[in-house]
Amino acid sequence: MNVFYNLTKKKGSWYKKVDELNFGIGNAVSWKYIKDFYARQVPFFKDDNYPWINSGLKNSTTYKIRYLSHLKLIQISFQQSSGKFDWFINFFWFPMFGIKPYKNMPVVYKTHIGFTKSYKSVRDEIFQKIEEICKNNEVTDIEVFGWSYGGAMTQLCVEDLTFNFVENQEHNDWFGNKTPLITGMTIGAPRVFFKIKKKSWETIQKRLFRLIMIANVNDVVTHCPPSITGSKHILPLLGVGGKCANVIKLFKPTTYHQMSEYTNDINKQED
């Protein structure tokens, strides 16, 4: 069952098991792969030797980037909400049906206005840093990771990088005229995309075909903004923490939205 290319069905749970997901084209996802990917991201995410770059809107869009020469890999991480302005951005989803993130879009879609403006405020800076790394290094892969607010940034970033580097083959000279592999993972990410036409929806899903979105079923952030606003997760969520949400637990984000809880949920899965 290739969920990443058959995402328009309305019946059934939006949470999926790992063996129900195909990653990319014909490559099955496994918990071993997910654990290895996660284990690469978290140490970098937490490493104080790589300080967060506070940039963008009111210096509140926080990310870090590095190059791993032995893997020919660029890592990009986006931080969770870290200030009052971030929380303003979280709730700034009016107009209710989102905004177009770019001008002259070949495929029109809409996204959360606050997250969109936050990502776009650092987009050019991130592209510049990627170009600078590529000048003196061979890059075959780019991995993007984010938790919570950072998960929203990750969705927009992976879509953006895939559109430019893979779909449109722009800046291929940066990568030695080769196409880099763009991969992403979110944990506890909110909804970013809004209801759009079926053709556009499927196009964006295909751009995100190498993005894994992990959600604890009791993590209230993954249910926000509320669906009444028109927001929706662009991909099925890889559910952990149970089969369905517990109403009481949804009011305990200090437990079920924490990175430590996600780490435990991921590590206890069988390979």
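Tutor: Contact means heavy atoms within 4.5 Å. Leaving aside neighbours within four places in sequence, Cys244 is in contact with Val217 and Asn218. The model is predicted: local features need pLDDT of at least 70, side-chain atom pairs count only at pLDDT 80 or more, and totals for chains, interfaces and linings use all residues. Residues are numbered from 1 along each chain as its sequence is written, and side-chain values use heavy atoms, with hydrogens and water left out.

Student: Where is Cys244 found?

Tutor: Helices (H or I, at least four residues) and strands (E, at least two) are DSSP runs, numbered from the N terminus. Cys244 is in the loop between strand E12 (237-240) and helix H6 (253-256). Its C-alpha atom is separated by 8.5 Å from that of Tyr15, although the two residues are 229 apart along the chain.

Student: Is Cys244 buried or exposed?

Tutor: Buried means under 20% relative accessible area, exposed over 50%, and partly exposed in between (1.4 Å probe, protein chains only). Cys244 counts as exposed because its relative accessibility is 57%.

Student: Which residues of helix H5 are buried?

Tutor: In H5 (residues 198-207), Ser200, Trp201, Ile204, Gln205 and Arg207 are buried. They lie on the same side of H5, because they cover an arc of only 155° around the axis; the arc is that of the directions from the helix axis to the C-beta atoms. The face turned away from this buried side carries the exposed residues Lys198 and Lys199. The buried residues of H5 pack against helix H4 (149-167), strand E9 (193-194) and strand E11 (231-232).

Student: How many aromatic pairs are there?

Tutor: Rings of Phe, Tyr and Trp (its six-membered ring) pair if their centres lie within 6.5 Å; planes under 30 degrees apart count as stacked, over 60 as edge-to-face and the rest as tilted. By this rule the count is 13 aromatic pairs. Phe44 and Tyr50 are edge-to-face, because their ring centres are 5.4 Å apart and their planes stand at 75°. Phe165 and Trp174 also form an edge-to-face pair, at 5.8 Å centre to centre and 65° between the planes. Both Phe165 and Trp174 are buried. Ring pairs also link Tyr38, Phe45, Trp52, Phe145 and Trp147 into a cluster.

Student: Which residue lies over the face of Trp52?

Tutor: A charge sits over a ring if NZ of Lys or CZ of Arg is within 6 Å of the ring centre and within 35 degrees of the ring normal. Lys64 lies over the face of Trp52, at 4.4 Å from the ring centre.
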